[in-house]
Amino acid sequence: MLKTMNQKISVFLILFSTGYLYLSFQLKEYPYVPVDSDLVPKALGILLIGLAVLLFFDKSSESDEERKKRVVPKKEILVLVSVGGMIFLYIFLFEGLGFLLTTALFVFFCSWFLGYKKWLSNALVSIIFPSVLYYLFNYLLQIRLPQGLLPF
């Protein structure tokens with residue numbers, strides 16, 4: 001039944017997105033808001049199911065060259081695990097430190113770890129990017145992000 005790697009991956013994605021959609025439908029609804037907090041998760045879950053179904057019926061065949069591309073060197077596995085650890089640390093500190101500080105630290109250290117060595121531009125991007133997002137969400141979209149330690 002599941003002959004290709006695409007079909008195996010698509011079955012996993014369909015199961016994952018089904019669970020994700022189930023959890024999305026459990027989100028609390030808020031009265032008097034134009035766009036509720038469950039819109040994006042529901043749309044992403046439905047989109048993922050649709051793309052997984054298309055992947056299942058994809059007719060492209062896998063060659064030996066493509067199989068060799070799937071092999072990840074051990075050095076890169078360490079990099080992937082390290083970035084995953086940074087993501088978990090970001091999630092863990094998100095509420096306590098707040099969106100601005102946590103995102104600025106994450107962008108700075110993750111970029112530095114992945115090889116970007118220009119300190120000034122890295123620092124500017126890691127401060128300006130979360131600040132613009134924070135302003136957009138809190139003041140234009142009126143979606144409250146965690147403020148954490150900062151008073152605004």
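1. Start with Asn 122, which sits in helix α6. Keep in mind that this is a predicted model. Is Asn 122 buried or exposed? Its relative accessibility is 4%, so Asn 122 counts as buried. The cut-off for buried is under 20%.

2. What does Asn 122 touch, once residues up to four places away in sequence are set aside? The partners are Val 107, Phe 108, Ser 111, Trp 112 and Tyr 116. Asn 122 and Leu 89 are 33 residues apart in sequence. From C-alpha to C-alpha they are 20 Å apart in space.

3. Helix α5 covers residues 99-113, and helix α6 covers residues 119-140. They pack at an angle of about 145°. Their axes are 9 Å apart. The crossing of α5 and α6 is right-handed. On the α5 side, the contact includes Phe 99, Leu 100, Val 107 and Phe 108. On the α6 side, Asn 122 takes part, and so do Pro 130, Leu 133 and Tyr 134, among others. Which classes of residue make up this contact? There are 13 nonpolar residues, five polar ones and no charged ones.

4. Leaving aside neighbours within four places in sequence, Phe 99 is in contact with Tyr 90, Phe 94, Pro 130, Leu 133, Tyr 134, Leu 145 and Pro 146.

5. Next, a charged residue. Lys 42 is in helix α2, residues 39-56. Is Lys 42 buried or exposed? Lys 42 counts as buried because its relative accessibility is 17%, and the limit is under 20%. Beyond its neighbours within four places in sequence, Lys 42 is in contact with Leu 21, Ser 24 and Phe 25.

6. Finally, the annotations. An unreviewed UniProt entry lists "transmembrane region" for residues 9-27, 39-57, 77-93, 99-116 and 123-141. How do two of these spans look in the model? Residues 9-27 are 84% helix and 0% strand, with end C-alpha atoms 27 Å apart. Residues 77-93 are 100% helix and 0% strand, and their end C-alpha atoms lie 24 Å apart. UniProt also lists "domain: DUF1468" for residues 10-146, again in an unreviewed entry. That span is 73% helix and 0% strand. Its end C-alpha atoms lie 35 Å apart.

Notes: Residues numbered from 1 in each chain as written. Predicted model: local features only at pLDDT ≥ 70, side-chain atom pairs only at ≥ 80, totals over all residues. Heavy atoms only, no water. UniProt positions renumbered as here; feature names shortened; annotations may be inferred. Helix = DSSP H or I, 4+ residues; strand = E, 2+ residues; numbered from the N terminus. Buried < 20%, exposed > 50% of the residue type's maximum accessible area, 1.4 Å probe, protein only. Contact = heavy atoms within 4.5 Å. Axes fitted to C-alpha atoms, helices over the stretch in contact; angles between N-to-C directions. Left-handed = near helix turned anticlockwise from the far one by under 90°. Nonpolar A, V, L, I, M, F, W, Y, C, P; charged D, E, K, R; others polar.
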